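Dear colleague,

Please find below the structure that I am passing on to you. My notes on what was found in it follow directly after.

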Amino acid sequence: MHCGRPDGAGTSTSLPHPVAGRHLICPPVSRSPRDRRAASGSVGLVPTDSSTAPAAGPSAASSADHAPLPHRRLGRSGLALPAVSLGLWQNFGDADPRATQREIVLHAVDHGVTHLDLANNYGPPGGAAEESLGHLLARELRPVRDELVVTTKAGYRMGPGPYGEGGSRKYLLSSLDASLRRLGLDHVDIFYSHRFDPTTPLEETVGALATAVRSGRARYAGISSYSARRTWEALQVAEQVGVDLVVTQVSYSMLNRWVEEPDPHDPAGASVLDVAGAEGLGVVAFSPLAQGMLTDRYLHGVPDDSRAARGGPLRPAFLSDANLDHVRRLDDLARAHGRSLATTAILWAMRDERVTSVLLGASSTRQLDENLAALDAPPLSAEELAAVDALPADTGINIWASRSSDL
Ligand SMILES: NC(=O)c1ccc[n+]([C@@H]2O[C@H](COP(=O)([O-])OP(=O)(O)OC[C@H]3O[C@@H](n4cnc5c(N)ncnc54)[C@H](OP(=O)(O)O)[C@@H]3O)[C@@H](O)[C@H]2O)c1
């Protein structure tokens with residue numbers, strides 16, 4: 001459901017979302033990012049670094065055929081995010097072709113994906129994804145930088161020694177400075193504590209986020225993979241130290257529903273979504289395709305070029321007979337309703353109005369196009385929703401639990 005109007009001009013408008021029935025903010029229709037990049041003379045600029053040179057044209061988008069994506073307000077904040085965001089966790093390492101990276105990012109931006117998500121350690125090696133985006137921000141994306149939300153995080157291991165991971169003030173702020181250098185920016189739009197660190201006082205971690213915002217290095221602050229109890233505690237601390245936490249970034253998909261579950265350690269037994277809804281915290285749902293499991297990728301084996309084949313975070317154990325059986329049943333159901341499994345997974349993850357944006361990955365522009373097309377699809381049927389509810393809420397794929405949300 002794109003927000004475009006036939007005349008291609010106009011002011012901000014608000015349309016009911018077909019899935020959640022909520023109102024979405026649609027930005028004013030104007031010339032596309034590609035047009036503005038062209039107007040500034042930056043489209044097609046061939047970078048001096050040959051490793052970044054495009055294989056083909058800058059992207060397939062044209063100004064005429066795409067309207068802005070629907071945007072949703074991030075909790076109670078003034079910031080709106082696109083219903084679909086792009087993350088650079090995988091496929092943006094040094095071994096991945098720079099031309100493909102460039103094509104994917106420019107394609108996303110040209111199609112209205114205004115939110116690009118990073119972390120210090122995305123690569124491999126850590127830092128490579130930020131450097132890759134930094135090349136684009138210095139060239140093609142320079143004219144549209146202020147039309148983009150660029151986010152980064154620190155928390156997981158990035159460097160050696162005691163200051164190379166965690167939630168300390170020293171690590172978070174040094175890491176943010178290094179991220180800014182790699183990105184070639186003077187600020188990111190959101191800086192996240194990437195994980196809860198039980199060895200550091202929350203006052204210190206949240207205090208570092210406050211410093212990031214007050215010093216102008218970040219426009220907003222957020223947390224990621226915090227349990228309901230820790231989310232609540234972080235919000236309390238944020239109030240004390242005088243910073244607004246505007247967003248929590250959490251894994252959420254039809255195969256991984258932990259954010260809906262009551263937290264046994266929360267005094268009120270609330271879930272992450274309960275806390276976010278009550279406190280006006282935006283929710284960015286990452287890995288809505290369960291790293292590719294909720295697509296046609298693994299229905300007939302493990303393709304050589306897939307994430308699972310590369311031996312990364314999609315562990316072989318996740319592709320168990322039981323999980324693949326769930327996936328096949330969901331695929332049959334999706335097809336019976338005339339859509340792909342990926343579309344179903346995206347619509348499902350954004351059906352709850354507390355979810356601001358679903359944060360996807362892609363290894364090709366074809367995947368990205370299929371994923372963006374989900375926004376035009378009809379809502380999920382009661383039969384589909386019931387079929388998802390019949391699956392186990394935890395299929396053992398939440399690799400972030402033991403390192404953050406279970407702590
Ligand atoms: N805060 C955190 O701790 C955290 C953790 C993880 C991720 N994230 C964020 O979330 C983003 C997305 O995570 P994710 O990459 O795991 O998300 P995802 O969307 O669940 O998985 C993306 C993968 O699914 C496959 N795929 C995507 N669209 C497809 C399609 N239409 N058809 C077939 N296969 C398709 C691709 O796999 P192939 O590569 O095999 O083609 C792609 O790389 C990350 O980039 C990062 O920004 C945050």
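Please begin with residues 1-24, where pLDDT stays under 50 and for which the model has 55 contacts beyond four places in sequence. Where pLDDT is low, the predicted coordinates should not be read in detail. For the protein taken overall, the mean pLDDT is 87, and 84% of the residues reach 70 or more.

The barrel

The strands S5-S6-S7-S8-S9-S10-S11-S12 form, in that order, a closed barrel of eight strands with parallel pairing. From one strand to the next, the twist averages 30 degrees. One of these pairings may be followed residue by residue: strand S6 (residues 115-117) and strand S7 (residues 149-154) run parallel and are joined by three bridges. Within this pairing, His 115 stands opposite Val 149 of S7.

Helix H5 (residues 202-214) touches strand S8 (188-193) and strand S9 (218-224), and the direction of H5 makes about 160 degrees with that of S9. Helix H6 (residues 228-241) touches S9 and strand S10 (245-251), and its direction makes about 160 degrees with that of S10.

Helix pairs

Helix H3 (residues 128-138) packs with helix H4 (residues 169-183) at an angle of about 45 degrees, the two axes being 7 Å apart. H3 is therefore oblique to H4. On the H3 side the contact is made by Glu 130, Glu 131, Leu 133, Gly 134 and Leu 137, and on the H4 side by Ser 179, Arg 182 and Leu 183. Sorted by class, this contact of H3 with H4 has three nonpolar, two polar and three charged residues.

Helix H8 (residues 321-336) and helix H9 (residues 341-349) pack at an angle of about 95 degrees, with axes 8 Å apart. H8 is therefore roughly perpendicular to H9. Leu 330, Asp 331 and Ala 334 of H8 meet Leu 341, Thr 343 and Thr 344 of H9 in this contact. By class, the contact of H8 with H9 has three nonpolar, two polar and one charged residues.

The ligand

The ligand is surrounded by 32 residues, of which the closest are Gly 87, Trp 89, Phe 286, Gly 292 and Gly 361. By class, this shell has eleven nonpolar, 16 polar and five charged residues. Strand S12 (355-360) and helix H10 (365-373) each supply at least two residues of the shell. H10 gives the most, with three residues.

Backbone details

Most residues other than glycine have a negative phi, and most peptide bonds are trans.

- A cis peptide bond joins Gly 123 and Pro 124, with omega about 0 degrees; Pro 124 is found in the loop between S6 and H3.
- The peptide bond from Pro 124 to Pro 125 is also cis, with omega near -5 degrees, and Pro 125 is found in the loop between S6 and H3.
- Ser 225, a residue other than glycine, has a positive phi, near 55 degrees; Ser 225 lies in the loop between S9 and H6.

With kind regards

Definitions and conventions
Residues are numbered from 1 along each chain as its sequence is written. This is a predicted model: local features need pLDDT of at least 70, side-chain atom pairs count only at pLDDT 80 or more; totals for chains, interfaces and linings use all residues. A residue is near a molecule or strand if its C-beta atom, placed from the backbone, lies within 6 Å of it. Helices (H or I, at least four residues) and strands (E, at least two) are DSSP runs, numbered from the N terminus. Ala, Val, Leu, Ile, Met, Phe, Trp, Tyr, Cys and Pro count as nonpolar, Asp, Glu, Lys and Arg as charged, and the others, Gly among them, as polar. Axes are lines fitted to C-alpha atoms, for helices over the stretch in contact, and angles run from 0 to 180 degrees between N-to-C directions. Angles under 35 degrees count as roughly parallel, over 145 as roughly antiparallel, 65 to 115 as roughly perpendicular and the rest as oblique. Two residues are in contact if their C-beta atoms, placed from the backbone, lie within 7 Å. Two strands pair if DSSP finds at least two bridges between them. pLDDT is the predictor's confidence in each residue, from 0 to 100.
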